[in-house]
Amino acid sequence: MKYNVRGENIEVTPAIREYVEKKISKLERYFTEAPDAKVNVNLRFNQDKSSKVEVTIPLPQLVLRAEETNVDMYAAIDLITDKLERQIRKHKTKVNRKFREKGEPSFTFAAPESPEIHDVDEEDLELVRTKRFDLKPMDSEEAILQMNMLGHSFYVFTNSDTNRTNVVYKRKDGRYGLIEAH
């Protein structure tokens, strides 16, 4: 894996870079072949003396993404590695279950990120962020799993049955909804 480690309000020292690479490279044991992926790591030191670590690893079948805030940068890196490990195990369990049910594994996971809009005033509906991503075909169950792994409240995907754009979302009652575009 190739690493792109950058810092905001913090200098990325060789020690921090080495620690990040050492911890995240442990994820390679979950793959039969070492993934040819670019690992994007964003380290931020906030004014309240906390550190925020964001990691995105785009893979062909899955995009791993996690973020963690902690007063200790190294502890945040440890916690984020644990989160990414849980995502990988969850994905592999899902793929193995599909393999047993259908006879072939489904490798159509994708994890587009949702736009984040903070502090929106009703009079000021300025668009502050745009993201573009390819929609991968999957069923609604896979989309719900992907949404939950990302910790988002909705997820946009192409329905593999209808080949149309759909959105799954988490309802206030804790169940899930599906929006089908026509």
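Author: Here's the cut-off to start from: two strands pair if DSSP finds at least two bridges between them. Keep in mind that this is a predicted model.

Reader: What makes strand 2 and strand 3 a pair?

Author: Six bridges join strand 2 to strand 3 (residues 51-58), and the cut-off is at least two, so they count as paired. The two run antiparallel, with Val41 opposite Val55 in strand 3. They also form a hairpin, with five residues between them. In that turn, Lys49 has a positive phi of about 70 degrees.

Reader: How do you know that strand 1 pairs with strand 2?

Author: Same test: seven bridges link strand 1 (residues 2-8) to strand 2 (residues 38-45), against a cut-off of at least two, so that's a pair. This one is parallel. Tyr3 sits opposite Val39 in strand 2, and Gly7 has Leu43 as its bridge partner there.

Reader: Where should I be careful about the confidence?

Author: Residues 105-123, where pLDDT stays under 50. Where pLDDT is low, the predicted coordinates should not be read in detail. The protein as a whole averages a pLDDT of 79, and 83% of the residues score at least 70.

Notes
Residues are numbered from 1 along each chain as its sequence is written. This is a predicted model: local features need pLDDT of at least 70, side-chain atom pairs count only at pLDDT 80 or more; totals for chains, interfaces and linings use all residues. Side-chain values use heavy atoms; hydrogens and water are left out. Helices (H or I, at least four residues) and strands (E, at least two) are DSSP runs, numbered from the N terminus. pLDDT is the predictor's confidence in each residue, from 0 to 100. Contact means heavy atoms within 4.5 Å.
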